[in-house]
Amino acid sequence: MMDLVSRLFSRGQPVLSDAGPADAEAIAALHAASFRRGWSDSEMEQLLVDPNVVADRALLGRDLVGFILTRRAADEAEILSIAVDKGARGRGLGRKLLRRNLQRLAGLDVRAVFLEVGAENAPALALYDRMGFEEVGKRERYYGHDLTLDSTALVLRRELG
Ligand SMILES: CC(C)(COP(=O)(O)OP(=O)(O)OC[C@H]1O[C@@H](n2cnc3c(N)ncnc32)[C@H](O)[C@@H]1OP(=O)(O)O)[C@@H](O)C(=O)NCCC(=O)NCCS
């Protein structure tokens with residue numbers, strides 16, 4: 001049976017735009033559905049008001065189907081989280097969100113971006129690999145995506161510009 005997002009997709013493509021504090025509740029809900037450890041609405045709102053956080057969203061009609069959050073520090077940035085609704089995965093949306101966010105970061109003079117990802121998180125690893133990220137380190141006993149309980153995290157990095 002087609003799920004809601006698949007049915008919505010048949011009516012059009014998601015639209016990407018900047019995310020802000022008004023999206024906190026929807027982003028927290030999608031984050032909670034995608035990761036083992038969630039963020040509350042107010043924690044999410046605090047992130048979204050932080051001027052160093054660069055957030056993008058994908059809307060299908062009025063429904064949030066994807067987001068990415070990064071945080072800048074000097075000329076580097078860290079990907080805090082990226083998720084696409086389960087029914088919308090595998091259609092290039094994660095890649096579009098990441099590409100948009102990296103373009104915004106480059107426009108803010110960020111020179112390099114890094115992140116931690118569970119070593120068994122194949123979809124995320126595929127996404128980052130396709131987008132030019134390279135492994136620069138490893139961290140043991142990491143709790144991240146719900147498929148990667150207590151696994152090893154890989155530290156990935158990509159230069160911009
Ligand atoms: C990781 C995630 C954001 C990817 O989003 P997505 O919209 O499905 O990704 P895309 O469709 O843009 O795919 C990007 C690339 O990754 C590959 N990919 C995506 N899902 C894959 C899977 N399940 N297995 C293998 N490769 C996969 C695609 O083939 C694509 O490469 P290609 O275009 O060269 O074929 C999504 O799976 C997700 O939300 N996962 C849960 C949250 C999470 O783990 N976030 C990352 C934390 S670090």
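In this predicted model, Asp109 sits in the loop between α4 and β5. Asp109 isn't a glycine, yet its phi is positive, at about 70°. For comparison, most residues other than glycine have a negative phi.

Now for the inside. The largest nonpolar core has 36 residues, and Ile27, Phe67, Ile68 and Val117 have the most contacts within it. Leaving aside residues up to four places away in sequence, Ile68 touches Asp56, Ile79, Ile82, Leu97, Leu98 and Asn101.

Ile27 belongs to helix α2 (residues 24-34), whose buried residues are Ala24, Ile27, Ala28, Leu30 and His31. Looking down the axis of α2, these buried residues fall within an arc of 165°, so they line one face of the helix. Among the elements covering them are α3 (41-49), β3 (63-73) and β4.

Then there's the ligand. Of the 21 residues around it, Arg89, Gly94, Arg95, Pro123 and Ala126 come nearest. At least two residues of this shell come from each of β4 (76-84), α4 (93-107), β5 (112-118) and α5 (122-130), with α5 giving the largest share, 6 residues. Sorted by class, the shell holds 11 nonpolar, 6 polar and 4 charged residues.

Methods
Residues are numbered from 1 along each chain as its sequence is written. This is a predicted model: local features need pLDDT of at least 70, side-chain atom pairs count only at pLDDT 80 or more; totals for chains, interfaces and linings use all residues. A nonpolar core is a set of buried Ala, Val, Leu, Ile, Met, Phe, Trp, Tyr and Cys residues joined through C-beta atoms within 7 Å. A residue is buried if 20 or more other C-beta atoms lie within 10 Å of its own, exposed if 12 or fewer, and partly exposed in between; C-beta atoms are placed from the backbone. Two residues are in contact if their C-beta atoms, placed from the backbone, lie within 7 Å. A residue is near a molecule or strand if its C-beta atom, placed from the backbone, lies within 6 Å of it. Helices (H or I, at least four residues) and strands (E, at least two) are DSSP runs, numbered from the N terminus. Ala, Val, Leu, Ile, Met, Phe, Trp, Tyr, Cys and Pro count as nonpolar, Asp, Glu, Lys and Arg as charged, and the others, Gly among them, as polar. The arc is that of the directions from the helix axis to the C-beta atoms.
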